[in-house]
Amino acid sequence: LETDPRQVLKRQVARLRERGWTLWVGIEPEFFLLKRGADGRWGVADANDRLAKPSYDLKSIGRNLGFLDDMRDAMGALGFALQQMDHEDAIGQYEINYRHDDALAAADRYQLFKLTAHAVAERHGMVFSTMPKPLADAPGSGLHFHISLTDAAGVPLMADAQGALGLSETGWCFAAGLLAHADALAAVSAPTVNSYKRLAASRSASGTTWSPVWKAIGENNRTCLLRAVAGRLEWRLPDPSCNVYLALAALIAAGLDGVDQHLRAPKPCKDDLYERHAAGEPLPERLPRDLCAALEALQADAVVRGGLGEACAAQFLQLKQAEWAAFHAHVSDWERQRYADAG
């Protein structure tokens, strides 16, 4: 089926295979554990999870050990190579890491992870939430992709110990492709109205959000859209509401365009871009501010649309434009409180 996301990714993986290349992907799932209250509103499932700076909160981990232990047992039974579990930087937020794999297997594995987490959370009376930004004053959830390429002999193609940031020419060109097509990639990697509340240059109760707002690359710099680390790239744009097959297919198309066109990435960024933002200093170009702008960028980007396939891209755009229209037709409590009795 031309519009099946898994087949879309398989077609892009085949493009890599024609070159003798394999894309390796390590996916970092962040998520919230939520519960609906008696008033119908969503909140954090663990009422005692309320530290001002909750990252690595051991007490919350202890209170939710039942969920985490069941996840460990289930993931082990399903063949995951589990690496770590931790409490993330927002109340009610966790991250579970497991071993990387080739692009298609990594996407399949993430789908299995989500199904498992939904079932285990329900067993514990909670909801496993992939909503990017459920809490207004806290960081949102990302779905970072750690990516690297090898050739048919298993030789790394992105890494060069003598290159800037430890990247080879291929690595730099691939990175340049991602940055050049970042606006269109946002539509696929951050595909909901709520996604752009995560992708905002804002502060949170725990400090900076580290949200990747600006199109830049830096060495181990979490304020950039691309982070270079140990001869690989961390693509920080995706969030867990994305269809991982489409997000990876679009990434491959953009990266290969960078390689084929010998695109040049910008100079490495050494600064904390949030500090520059606070000081009113010049900043790199930023990502789209909302889903509407991202969809317009996707519509205008032939490379990313081609990576999805025109039939899939057209269907995706139609569905997401309808979602944006529905959002704009909704009147929120915030609007009523602000305007209902305005003079």
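Residues are numbered from 1 along each chain as its sequence is written, and side-chain values use heavy atoms, without hydrogens or water. Because the model is predicted, local features need pLDDT of at least 70 and side-chain atom pairs count only at pLDDT 80 or more, whereas totals for chains, interfaces and linings use all residues.

The protein chain contains 13 helices and 12 strands. These elements are DSSP runs numbered from the N terminus: helices are H or I with at least four residues, strands are E with at least two. The radius of gyration of the protein chain is 20 Å. A compact globule of 343 residues would have a value near 20 Å, so the two agree. The radius is taken over C-alpha atoms, and the globule rule is 2.2 Å times the number of residues to the power 0.38. Along the principal axes, the C-alpha atoms fill a box of roughly 55 × 55 × 45 Å.

Of the 343 residues, 51% are buried. Buried means under 20% relative accessible area, exposed means over 50%, and partly exposed lies in between (1.4 Å probe, protein chains only). The protein chain exposes about 15800 Å². Carbon and sulfur atoms supply 51% of that area. Accessible areas come from the Shrake-Rupley method with a 1.4 Å probe; for residues, only the protein chains shown count as cover.

The charge count is 37 positive and 43 negative side chains. The centres of the two sets lie 1 Å apart. Lys and Arg count as positive and Asp and Glu as negative, while His and the chain ends are not counted. Each charge is placed at NZ of Lys, CZ of Arg, CG of Asp or CD of Glu.

Nonpolar side chains tend to be buried together in soluble globular proteins. Here a nonpolar core is a set of buried Ala, Val, Leu, Ile, Met, Phe, Trp, Tyr and Cys residues joined through side-chain atoms within 4.5 Å. The largest such core has 87 residues. Phe113, Phe145, Ile147 and Trp235 touch the most other members. Helix α8 (residues 244-260) gives this core its largest share, 12 residues. Another core, of seven residues, lies apart from it and includes Val213, Ala216, Cys269 and Tyr274.

Gly26 itself is found in strand β1 (residues 22-36). Gly26 is buried, at 11% relative accessible area. Beyond its neighbours within four places, Gly26 contacts His100, His144, Phe145 and His146. Its C-alpha atom is 8.6 Å from that of Asp102, 76 residues away along the chain.

Helix α6 (residues 182-189) is mostly covered, with seven of its eight residues buried. The buried residues include Ala182, Leu185 and Val188.

Two loop residues other than glycine have a positive phi. Most residues other than glycine have a negative phi. Ala230 has a phi of about 55° and is found in the loop between β11 (224-229) and β12 (232-235). Ala230 is exposed, with a relative accessible area of 68%. For His262, phi is near 50°. His262 is placed in the loop between α8 and α9 (273-278) and counts as exposed at 55% relative accessibility.

Ala90, in the loop between β3 (82-87) and β4 (93-98), is buried at 1% relative accessible area. Setting aside neighbours within four places, Ala90 contacts Phe32, Pro54, Ala138 and Pro139. Ala90 and Phe316 are 226 residues apart in sequence and 31 Å apart, C-alpha to C-alpha. Val155 lies in the loop between β7 (143-150) and α5 (169-180). Val155 is partly exposed, at 42% relative accessibility. Val155 and Trp21 are 134 residues apart in sequence, yet their C-alpha atoms are 9.5 Å apart. Ala322, in helix α12 (residues 310-329), is partly exposed at 45%. Its C-alpha atom is 30 Å from that of Ala106, 216 residues away along the chain.

Key:
Contact = heavy atoms within 4.5 Å.
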